[in-house]
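Reader: I'd like to learn how to read helix packing and a ligand site in a model like this one. Could you walk me through it?

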Amino acid sequence: MIFLDLAVRNLKRHKVRSVLATVGIIIGVVAIASLGIMGSSLSVLVGGMVSDVSDTLLVTPHLAISSGDPFDPRNTLAARISGRDLGLIEKAAEQHRVIPMILASDRLQVRDKGGYVALYAMPATEIPFLLEEEAGTYPRAGSSGVMVGSLLADELDLHPGSRIEVGGESVRVAGIAAERGMGIDINPDYALIVTEEWYTERHGDQDYSRVIVKVGDLAEIEEVKVAIDQQVNRRKEVVDVLDSREILEIYYETFDAINIFLIGIGAVSLLVASVSILNVMIISVTERTGEIGLMRSIGARRREVLLMFLYESLILGIAGSLAGGVVSMAIAYSVTTSVAGLFADFAVSGGDGIPVAVVIGYTAFAMAFGTAVSIVAGFYPAWKAARLNPIEALRYE
Amino acid sequence: METDRPGLITVDAPSEKAATSSTPILRFEDVSKIYPLPAGDVVALDHVSLTVEPGEFIAVMGPSGSGKSTLLNMMGCLDVPTSGKIYLSGQEISRMSDDDLTRLRRDRIGFVFQQFNLIPLLSAVENVEFPLVLTAGREESRQRAIEVLRMMHLDDALFSHRPGELSGGEQQRVAIARALVNDPDLLLCDEPTGNLDSKTGTAIMGILAAENREGKTVIMVTHDPGVAAYARRTIRIVDGRLV
Ligand SMILES: Nc1ncnc2c1ncn2[C@@H]1O[C@H](COP(=O)(O)OP(=O)(O)O)[C@@H](O)[C@H]1O
Ligand SMILES: [Mg+2]
């Protein structure tokens, strides 16, 4: 393989140039792989909440400016669902379970640690319906006990019977809720769950922040949704009714867009890298015009010259892709954990990290892309070299 | 020493060869080469007809720009004529594909240029074996390359040197070895001594003359009448026309 040999030697002859071109490919490959992995980290987190909420309708107060997205910060504006509207919802929902709740926050002090914590207040009878119990008991109406979300309990080392200070008042932990993960209805893992009585005793009667309707039969979701809409929004838009699939669609659209955007950024950096390969190869061909003419005149065929230059860009591409692949794998772990850490507040799957297959998949894709891009970038200069007329190449100064 | 006498000693050899092999090694039939340039066409060869018999030693002379290199390149299948026909051992080349022409150069023709003869990335011995490794194994190519380099009286220690580490004369020896390594029918040299001092040039001419005595057909371009004296026939060319 004399031409492969020549390609290697030429790359070695111009070490700095070759290394720089390779670095470009490395950066591009790492960018695609890690951004892809990061994007799918987000998707995995979202995927974690798909599970058991597909039978859920979420009723939120209608705001002129609201998007209907339950995580839209504009939804925290103080619009509420009144008791009257709740009655209408219950009527429309017929036999399906209707769970009104108040979302609030309060100061939490445990030993020397303090801060604000999310609070879900709902009728005592509904709590067992939404949450599984990990330890202790569900809070009972009339008692001062509260339930603590699983991750919050872990973090603060709380157990049934522990005492915590909520809003300056010392209360007893009745039970710990099982980890539930990110949901479109509630996200209780880092929250306190209290009974409605508990909350109204301390803060007075309140309208509800949202109402969840559990529709046992998926087939009836659309029907119930329409019924609620007709009952409550008769005269004007009072509430928004979203079913979980709609909400998930919003998420998937969002995360798909993010993912494509991230990979797009990676792809652009690889394209930039390919331009540098193109540049290096054009320089190489120009410098070696006389040499090409000589090779051609003593018997090297066009396709052999083509191959020789393609080998050069292929070697740059493969070297860059391999190194980039290794680097991507190495940082995939930290990217995964940092992204997961960022979203741990919402996600039960935070600790699970990203499936190895996803990491390998994106890395392999990035490496293949990096190699392919290098070949494509090398093709034009190689083709030009192969087309050189031997005489003119020999005469070239 | 033998420069004055080869005509006497071997004058019969070429004609003998010509007599035994009926086809001339090269035949130009009314060959023209025109380079179209923006400033107007350049007629590098103007209706040239000639015949070269096997075993001949020919010098091509003429002023600079008269078309000597163009003529030699045509002979070496490096280019095809704008009009007219060229036969290499009876085979018409002007309609051949690029790949076929390349194969002819690789297997049947040896080139020595005035400059830029060697691939800078390859050592002396690698340069010599280059035409062979395109078709044959590296091991046997290497053996043949070493054998030819020794015939050129190049010191073994220089075999692994890159062209940049060799003197002009050494480089030309390597180039001649490279041209001879495929045992070509035709050895074409474009001012092979043009860049050398006269002593080195004489040594190089000695090698070419010896190759010709061995039976190789040698055609060389030169300015130097002293060099041309080694040849047994001189073709003169002015403005692309034989005179
Ligand atoms: N590839 C080319 N393109 C354009 N003009 C050329 C080319 N090769 C040769 N010529 C022209 O053809 C003429 C003959 O060139 P050449 O054969 O190199 O002359 P010599 O070798 O006798 O000095 C010159 O005028 C030269 O400029
Ligand atoms: Mg010339």
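Reader: How are α8(A) and α11(A) oriented to each other?

Author: Two packed helices are described by the angle between their axes and the distance between the axes. Here helix α8 (residues 244–287) of chain A and helix α11 (residues 356–387) of chain A have axes 9 Å apart, at an angle of about 30 degrees. They are therefore roughly parallel; the cut-offs are under 35 degrees for roughly parallel, over 145 for roughly antiparallel, 65 to 115 for roughly perpendicular, and oblique for the rest. Axes are lines fitted to C-alpha atoms, for helices over the stretch in contact, with angles from 0 to 180 degrees between N-to-C directions. Helices are DSSP runs (H or I, at least four residues), numbered from the N terminus.

Author: A word on conventions: this is a predicted model, where local features need pLDDT of at least 70, side-chain atom pairs count only at pLDDT 80 or more, and totals for chains, interfaces and linings use all residues. Residues are numbered from 1 along each chain as its sequence is written, chains are lettered from A and ligands numbered from 1 in the order written, and side-chain values use heavy atoms, leaving out hydrogens and water.

Reader: Which residues of α8(A) and α11(A) meet?

Author: Contact means heavy atoms within 4.5 Å. Among them are A:Ile263, A:Leu270 and A:Ile277 in α8(A), and A:Phe369, A:Val373 and A:Tyr380 in α11(A). By class, that contact has 16 nonpolar, five polar and no charged residues. Ala, Val, Leu, Ile, Met, Phe, Trp, Tyr, Cys and Pro count as nonpolar, Asp, Glu, Lys and Arg as charged, and the others, Gly among them, as polar.

Reader: What about α7(B) and α8(B): at what angle do they cross?

Author: Roughly 15 degrees, with the axes of α7(B) and helix α8 (residues 198–213) of chain B coming within 10 Å. So α7(B) and α8(B) are roughly parallel too. Their contact includes B:Ile176 and B:Leu180 of α7(B) and B:Ile204 and B:Leu208 of α8(B). It holds six nonpolar, three polar and two charged residues.

Reader: Now the ligand. Where does ligand 1 lie?

Author: Ligand 1 sits between chains A and B. Of the 14 residues around it (a heavy atom within 4 Å), B:Gly65, B:Gly67, B:Lys68, B:Ser69 and B:Thr70 come nearest.

Reader: Which atoms of B:Ser69 and ligand 1 pair up?

Author: A polar contact is a pair of N or O atoms within 3.5 Å. A side-chain N or O atom of B:Ser69 is 2.7 Å from an oxygen atom of ligand 1. For B:Lys68, a backbone N or O atom lies 2.9 Å from a ligand 1 oxygen atom, and a polar backbone atom of B:Gly67 is 3.0 Å from an oxygen atom of ligand 1.

Notes: A polar contact is a pair of N or O atoms within 3.5 Å; within protein, one must be able to donate a hydrogen and the other to accept it, and residues adjacent in sequence count only if both atoms are side-chain atoms. Helices (H or I, at least four residues) and strands (E, at least two) are DSSP runs, numbered from the N terminus.
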